[in-house]
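Hi,

Here is the structure I said I would pass on.

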Amino acid sequence: MDRILIVEDDSETAEAIAREVRALGCTPVWHATLDEGVAAATEGGEFRVIVLDRMLPGGDGVEAMARIRAGGSRALILVLSALGRAAQRVEGLEKGADDYLPKPFEPEELRARLRALLRRGTIEVLDNDLLAFGDLEIRLKARTVHVRRNHVAVSPKEFELITFFARNAGQVVTRMQLLENVWNLHFDPGTNVVDVHVGRLRRKLEEAGAQAIQTARGEGYIFAPLRAN
Amino acid sequence: MSGDRPWAARATLRLTLLLAAAVAALSLLAMALQYRLVEDRMTEAARATLTADLGGLAALYEQRRIIALRQAIEYRGAARNGGEMLLLLDRRGNVLAGTEAGWPPGLTASGSGFTIDPAAEFTSGGTRWLGVARELPGGFPLLVARSLAPVDDTLAALRRGMAALGLALLLAGGGVGWLAARSVMGRIGRVNDLADRVAAGDLSARLPGPRSHDEFGLLETHVHAMLDRIENLNRATHRLSDNIAHELRTPLNRLMQKLSRIEGQEEVVDDLRAEIRQSIRVFDSLLDISRAEADQGTGGGLVPVSLSDVAQEVWELYEPLAEDKGLLPHASIAPGLQVLGDRNLIAQMISNLIDNAIKYCGPGDALRLTLSEGEGRHLMQLADTGPGLPADLRAEAFERFTRAERDRDRGIKGHGLGLALVRAIAARHGAKIDLPAAEKGFVLDIAWPKLAP
């Protein structure tokens with residue numbers, strides 16, 4: 001079973017994270033201080049993902065990422081912190097975090113992020129030019145989308161959107177993830193601008209005959225073209 | 001700033017020049033008094049000599065009248081030294097004896113005694129003389145005079161000396177003034193340079209080297225103390241916002257986790273989550289505002305950013321939303337305009353503005369974003385034909401928690417922080433915000449400083 005390291009000083013939060021980890025079928029390992037966490041990450045065997053807090057007894061998790069990497073860990077790092085303003089998120093990502101989720105977080109959001117990271121660990125290589133999901137075909141180099149061999153005209157942003165969906169096919173993708181990954185924006189605009197874009201893409205695909213994108217209530221969206229057919 | 005410095009230096013220079021001129025004037029006055037004194041004394045001495053001469057001649061005249069005078073003048077004339085003039089004529093104007101060939105023109109004899117008064121000053125042979133012209137009984141004109149040339153020479157030398165000294169005083173005063181102005185301005189200039197650097201955002205700038213033990217050193221020490229305090233306050237603001245974030249988000253986080261364990265009341269849970277998200281947004285905005293204000297002017301954290309690209313991206317994010325709401329969106333964004341900035345903050349700012357416009361405008365309203373290159377700045381304008389700002393709100397539109405009554409009435413949600421954040425982010429980037437008068441709707445101009453190529 002995959003192991004996920006949780007470095008978090010608030011026990012209640014740690015328990016909530018652990019619940020999500022177990023829900024994904026992984027084993028949580030919890031440490032409450034930075035030094036213990038770094039020691040576990042570098043000497044405690046292989047972890048798939050490390051969920052790292054920032055304001056910890058012993059220091060800032062973001063500053064410790066270099067130590068974790070230097071210690072030989074190849075785990076993906078998800079920073080989960082109360083320091084959640086845009087600048088701090090960008091700082092965390094620039095210093096080597098693979099994802100950054102601000103507190104308070106919704107459990108579904110964390111689950112989606114963890115799942116995306118676990119997935120990234122397995123199918124990192126997508127050098128294949130063609131992403132095919134039944135009747136739906138995405139050509140990465142030509143940047144085209146076809147449904148039942150008919151071309152579907154999408155805008156550049158919509159293409160990036162469908163590509164991101166495709167890479168996380170079958171998983172819940174949250175609005176926040178879309179905003180961060182497709183638009184590279186690290187703040188909460190308040191309005192659900194993303195919904196409009198997803199809605200347009202979805203309509204285009206449905207008109208062409210692919211029920212590819214579904215809403216996951218309260219969580220986000222799921223790209224699941226196979227199930228639709 | 002530095003361009004104004006020669007004017008400031010001129011003020012100091014002017015002061016020292018004034019002082020130098022006053023000192024020079026006082027010295028000249030003192031010298032003039034002395035000059036007058038010397039002139040009086042020397043004229044007095046000339047009169048005394050003349051009186052003595054007259055006394056001698058009077059004694060001779062007492063003994064043997066004209067004969068004795070004539071002998072004495074001849075004798076004295078033979079030993080002429082140029083310093084005295086003696087002349088005795090007969091009734092017909094012929095020279096009986098004397099140092100001169102003829103009576104000096106323009107001089108008339110008066111009186112007949114050997115007293116000094118009345119004496120006359122006259123010019124002959126290019127020099128001034130002090131003399132007495134008499135007509136002795138029997139019609140013998142007599143002239144006895146002493147040259148004033150030594151007096152004039154001495155006075156002329158004195159005048160030359162005074163002129164030279166006055167000039168030297170002025171030059172010295174000016175020179176000392178210039179040196180003093182330069183040294184004072186040098187010291188003040190250091191403090192001014194420091195103030196410029198701090199104003200430009202470098203709060204940790206300090207003057208190198210030790211402080212001297214004069215008022216300039218004291219000024220520098222005071223300025224340093226002030227800067228230390230400002231820097232500490234700034235650091236405290238940063239620390240405080242991190243601590244607030246931590247202390248407030250941790251309990252909210254627990255709340256969020258506990259909510260997820262509630263089953264069967266999904267709507268209530270969703271509402272509560274939305275409320276939590278909303279509270280986070282409010283205090284994030286507040287923290288963003290105070291952080292942007294604290295960082296205002298500091299170049300730290302700003303990198304070259306393509307303003308055109310950010311504007312285009314945010315516009316594309318919101319355009320479909322505007323279209324769906326029935327607005328008529330139109331963007332005209334000049335490509336390739338660069339600023340020194342924080343991409344996320346700029347995106348947040350533009351997003352705030354467009355979001356506001358979409359919120360307040362109705363179907364059929366136009367929404368326009370323009371970005372163009374101006375004379376010295378990049379000009380960004382966001383304009384809509386919606387309801388615009390209420391007139392009474394224009395002045396305080398950018399203050400925190402300013403909300404129009406009518407929005408509350410219409411049920412438009414908001415916390416009144418949007419424009420405050422816009423202003424803070426603009427200030428952080430040195431951009432100027434302006435609300436030009438518009439016939440209809442809301443128009444906002446932002447003039448961004450260009451990134452030096």
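Before the first number, a word on terms: a residue is called buried here if 20 or more other C-beta atoms lie within 10 Å of its own, with C-beta atoms placed from the backbone. Keep in mind as well that this is a predicted model.

Chain A first. By that cut-off, 44% of its 229 residues count as buried. Chain A is built from 9 helices and 14 strands. Among contacts in chain A with a separation of 6 or more, 62% are between residues 24 or more positions apart.

Now the cores. The largest nonpolar core runs to 111 residues, and Ile50(A), Val51(A) and Leu78(A) have the most contacts inside it. The element that gives the most to this core sits in chain B: helix H6 (residues 343–360), with 10 residues. Apart from that core lies another one, of 24 residues, including Ala46(B), Tyr61(B), Met85(B) and Leu142(B). As a general point, nonpolar side chains tend to be buried together in soluble globular proteins.

Setting aside neighbours within four places in sequence, Ile50(A) is in contact with Leu5(A), Val7(A), Ala41(A), Ile68(A), Ala75(A) and Ile77(A).

On to where the chains meet. There, 31 residues of chain A are in contact with 32 residues of chain B. On the chain A side, helix H1 (11–23), helix H4 (86–94) and helix H8 (193–208) each supply at least two residues. H8(A) has the largest share of that side, 4 residues. Sorted by class, the side of chain A that touches chain B comes to 16 nonpolar, 7 polar and 8 charged residues.

Last, a helix pair in chain B. Helix H5 (residues 307–324) packs against H6(B) at an angle of about 30 degrees, and their axes are 9 Å apart. Angles under 35 degrees count as roughly parallel, so H5(B) is roughly parallel to H6(B). The crossing of H5(B) past H6(B) is right-handed. From H5(B), the contact is made by Leu307(B), Val310(B), Ala311(B), Val314(B), Tyr318(B), Leu321(B) and Ala322(B). H6(B) answers with Arg343(B), Ile346(B), Ala347(B), Ile350(B), Ser351(B), Ile354(B) and Ile358(B). By class, the residues of this contact are 12 nonpolar, 1 polar and 1 charged.

That's what I have so far.

Cheers

Technical notes. Residues are numbered from 1 along each chain as its sequence is written. Chains are lettered from A and ligands numbered from 1 in the order in which they are written. This is a predicted model: local features need pLDDT of at least 70, side-chain atom pairs count only at pLDDT 80 or more; totals for chains, interfaces and linings use all residues. A nonpolar core is a set of buried Ala, Val, Leu, Ile, Met, Phe, Trp, Tyr and Cys residues joined through C-beta atoms within 7 Å. A residue is buried if 20 or more other C-beta atoms lie within 10 Å of its own, exposed if 12 or fewer, and partly exposed in between; C-beta atoms are placed from the backbone. Two residues are in contact if their C-beta atoms, placed from the backbone, lie within 7 Å. Ala, Val, Leu, Ile, Met, Phe, Trp, Tyr, Cys and Pro count as nonpolar, Asp, Glu, Lys and Arg as charged, and the others, Gly among them, as polar. Axes are lines fitted to C-alpha atoms, for helices over the stretch in contact, and angles run from 0 to 180 degrees between N-to-C directions. Angles under 35 degrees count as roughly parallel, over 145 as roughly antiparallel, 65 to 115 as roughly perpendicular and the rest as oblique. A crossing is left-handed if the near helix is turned anticlockwise from the far one by less than a right angle, and right-handed if clockwise.
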